[in-house]
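Please keep the sequence and the model in view while reading.

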Amino acid sequence: MLASVAQVTPESTQQAVGYPTLFLLVAVGALVPVVPTGALVSSAAVVAFHQTAPFSLLIVFGVAAFAAFLGDVSLYWLGRRGMKSKNGSRWLAAIRDRAPEERLAQAQAKLADHGVMVLVLSRLVPAGRIPVMLACLMAKMPLRRFARGDVPACLAWAVTYQLIGILGGSLFKEPWEGVAVAVALTVVISVAPALWRKVRHALA
């Protein structure tokens, strides 16, 4: 008994707790975008980069992509239910509240030009996912078609933020230093478009 307990490494404990936690937070973050999911994936990638266990980075990628996909599809399904309801729903209202008219109009135009492939770009552009999702809802896109387009979107998103984490992890020996860099990079990426829009409007 003691021998088996002794064989349980800190890495094994981190993985047993870390992977389910990552999955839960990313899935919840897709439904309620108050959780910085990109920073979570980058941080998990930093930790995985410093681990000796094989396939750690691959598992982080798979968990993050699947959780994001599940969260997106669930939110879209809830939005479709709200669209079909006479009184709407709080989920549909939340989607509408997070999709300004200007961004929605842009999303509708891109959806008309590029179809479901616009979902890939929407996942990579900060604050781009919800307006595109609302545009898909308003276009009455079937759930199955949305899901097909969302698969490459979530894969591209997971790869992007994992690469940020790997970059941060490769620069420092200590995982916490890499995590700090990865989080800083994701914050810069997330706020840069909004700052640019403000500057552009101020100069216009």
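## Fold and basis of the model

Read along the sequence, the protein follows the pattern α-α-α-α-α-α-α-α-α-α, and its secondary structure comes to ten helices and zero strands, where helices (H or I, at least four residues) and strands (E, at least two) are DSSP runs numbered from the N terminus.

This is a predicted model, in which local features need pLDDT of at least 70 and side-chain atom pairs count only at pLDDT 80 or more, while totals for chains, interfaces and linings use all residues. Residues are numbered from 1 along each chain as its sequence is written, and side-chain values use heavy atoms, with hydrogens and water left out.

## Burial, surface and contacts

Of the 204 residues in the protein, 37% are buried, a term that stands for under 20% relative accessible area, with exposed meaning over 50% and partly exposed in between (1.4 Å probe, protein chains only). The accessible surface of the protein comes to about 11500 Å², and 69% of this belongs to carbon and sulfur atoms; such areas come from the Shrake-Rupley method with a 1.4 Å probe, and for residues only the protein chains shown count as cover.

Among contacts (heavy atoms within 4.5 Å) between residues at least 6 apart in sequence, 76% join residues at least 24 apart.

## Helices H4 and H5

The axes of helix H4 (residues 56–84) and helix H5 (residues 90–97) come within 7 Å and cross at roughly 105 degrees, which makes H4 roughly perpendicular to H5. Axes here are lines fitted to C-alpha atoms, for helices over the stretch in contact, with angles running from 0 to 180 degrees between N-to-C directions, and roughly perpendicular covers 65 to 115 degrees.

On the H4 side, Leu75, Leu78, Gly79, Gly82 and Met83 meet Trp91, Leu92, Ile95 and Arg96 of H5.

Arginine 123 is found in helix H7 (residues 118–124) and counts as buried because its relative accessibility is 9%. Its side chain is joined to that of aspartate 72 by a polar contact of 2.9 Å (a pair of N or O atoms within 3.5 Å; within protein, one must be able to donate a hydrogen and the other to accept it, and residues adjacent in sequence count only if both atoms are side-chain atoms). Not counting residues up to four places away in sequence, arginine 123 touches Ala30, Ala68, Asp72, Arg129, Ala153, Cys154 and Trp157.

Valine 46, found in helix H3 (residues 37–49), is buried, with a relative accessible area of 0%. Valine 46 and glycine 165 are 119 residues apart in sequence and, C-alpha to C-alpha, 4.9 Å apart in space.

How values were computed:
Angles under 35 degrees count as roughly parallel, over 145 as roughly antiparallel, 65 to 115 as roughly perpendicular and the rest as oblique.
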